[in-house]
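Colleague: Hi, could you bring up the model we were going to talk through? I have a few quick questions about it.

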Amino acid sequence: MPRLENAIREVCISLQKKRARKYEWDALSEDDLWRELVACILGSRVRYDVAYSAIERMDKASLFSGKPNLTRRTKYEKDVLHALLEPVRSENSDEAHSRYPFPRLRASQICSAAETLYANGGTIRSILKNASDEREARRNLARDVAGLGPKQASLFLRNIGYTAQVAVLDVHVLTYMDWIGLTPSPVKTVRTMHQYEMLEAAFIKHSCSSGFPPDHFDLAVWVVVRVAKKEYALCH
């Protein structure tokens with residue numbers, strides 16, 4: 001366990017050195033916010049490289065330029081689906097011919113999200129500005145936006161630099177919490193926002209006691225535990 005903690009600490013220090021280059025969400029355009037939100041929808045239960053490839057294809061098809069045309073949802077949904085159905089351009093030869101999983105579900109969720117966010121002149125920016133804090137912003141996004149649960153909404157807020165006081169409780173972070181005794185038993189899935197906030201509070205308290213902000217600490221845990229699991233799998 002000391003080796004694991006040391007590795008997490010090293011990653012955190014590396015992340016802090018890059019902090020000066022971190023962008024602030026208020027400087028991002030609405031297109032940038034929409035792109036990042038869609039990336040979080042596409043990243044749910046999908047490997048990073050596969051989701052990233054899908055985002056690149058949507059970028060290439062200009063699907064993040066300007067607000068989605070809600071009066072032509074069918075065409076926009078078809079365009080999104082077409083981008084998601086293209087083969088994944090992975091550097092791994094064994095994945096070269098795979099496709100993005102759940103293309104029809106995600107295309108539908110992305111269009112529903114656009115309808116919710118941009119109906120009646122709304123914007124992602126206005127939702128974020130009107131929230132009293134990061135918890136309210138996350139609750140609103142997880143409640144109203146198709147494809148976003150607490151974890152993906154937290155990921156969105158962290159990635160755009162909205163707040164450092166959230167944790168992305170994915171399977172690797174939950175495993176870490178079990179390993180160091182932050183949970184009384186292993187937690188495989190988080191079913192409610194209340195449960196998410198309870199677990200997150202324990203994680204944030206632990207990260208602060210370690211001397212690192214939660215947004216860096218959970219990313220470091222994700223990196224280190226992911227590698228540790230791969231190494232363990234290779235040895236057994």
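Colleague: Let's start with Asp49: how accessible is it?
Modeller: Asp49 is partly exposed, with 27% relative accessible area. By that I mean between the two limits: buried is under 20% relative accessible area and exposed is over 50%, using a 1.4 Å probe and protein chains only. Two notes on the ground rules: residues are numbered from 1 along each chain as its sequence is written, and side-chain values use heavy atoms, with hydrogens and water left out. This is a predicted model, where local features need pLDDT of at least 70 and side-chain atom pairs count only at pLDDT 80 or more, while totals for chains, interfaces and linings use all residues.

Colleague: Which side chain does Asp49 meet in a salt bridge?
Modeller: Arg47, at 2.9 Å from N to O. A salt bridge here is a side-chain nitrogen of Lys or Arg within 4 Å of a carboxyl oxygen of Asp or Glu. Arg47 counts as partly exposed because its relative accessibility is 39%.

Colleague: And why do such side chains pair up at all?
Modeller: Side chains of opposite charge can pair when their charged atoms come close.

Colleague: How many salt bridges are there in the whole structure?
Modeller: A search of the whole structure turns up 10. One of them joins Arg158 and Asp218, whose closest N and O atoms are 3.0 Å apart. That pair links distant parts of the chain, with Arg158 in helix H8 and Asp218 in helix H11 (residues 214-235), 60 residues apart. Helices are DSSP runs of H or I with at least four residues, numbered from the N terminus.

Colleague: Are Arg158 and Asp218 buried or exposed?
Modeller: Arg158 counts as buried because its relative accessibility is 13%. Asp218 is buried too, at 1% relative accessible area.

Colleague: Nice. What does Asp26 form a salt bridge with?
Modeller: Asp26 pairs with Lys129, and the closest N and O atoms are 3.4 Å apart. Here too distant parts of the chain are linked: Asp26 is in the loop between helix H1 (2-17) and H2, Lys129 is in helix H6, and 103 residues separate them. Asp26 counts as partly exposed because its relative accessibility is 44%. There is also a network of salt bridges that links Asp26, Arg125 and Lys129.

Colleague: Changing topic to helix packing: at what angle do the axes of H2 and H8 cross?
Modeller: Roughly 145 degrees, and the axes come within 9 Å. The axes are lines fitted to C-alpha atoms over the stretch in contact, with angles running from 0 to 180 degrees between N-to-C directions. H2 passes H8 in a right-handed crossing, meaning that the near helix is turned clockwise from the far one by less than a right angle.

Colleague: Which residues of H2 and H8 make the contact?
Modeller: On H2 they are Leu33, Glu36, Leu37 and Cys40, and on H8 they are Gln152, Leu155, Phe156 and Asn159. Contact means heavy atoms within 4.5 Å. Sorted by type, the residues of this contact are five nonpolar, two polar and one charged. In that scheme Ala, Val, Leu, Ile, Met, Phe, Trp, Tyr, Cys and Pro are nonpolar, Asp, Glu, Lys and Arg are charged, and the others, Gly among them, are polar.

Colleague: What about H7, which of its residues are buried?
Modeller: In helix H7 (residues 134-144) they are Ala137, Arg138, Asn140, Leu141 and Ala142. These pack against helix H2 (30-42), H6, helix H8 (150-159) and helix H10 (193-209). At the start of H7, a side-chain oxygen of Asp133 comes within 3.1 Å of the backbone nitrogen of Arg135.

Colleague: And what happens at the start of H9?
Modeller: There a side-chain oxygen of Asp170 reaches to within 3.2 Å of the backbone nitrogen of His172. The cover over the buried residues of H9 includes H1, H10 and H11. Just after H9, Gly181 takes a positive phi of about 85 degrees.

Colleague: Last one, what is the phi of Arg45?
Modeller: Positive, about 60 degrees, although Arg45 is not a glycine. Arg45 is in the loop between H2 and helix H3 (48-60), and is exposed at 63% relative accessible area. Ser62 also has a positive phi of about 60 degrees without being a glycine; Ser62 is in the loop between H3 and helix H4 (73-85) and is partly exposed at 46%.

Conventions: Helix = DSSP H or I, 4+ residues; strand = E, 2+ residues; numbered from the N terminus. Polar contact = N/O pair within 3.5 Å; in protein donor to acceptor, adjacent residues only side chain to side chain.
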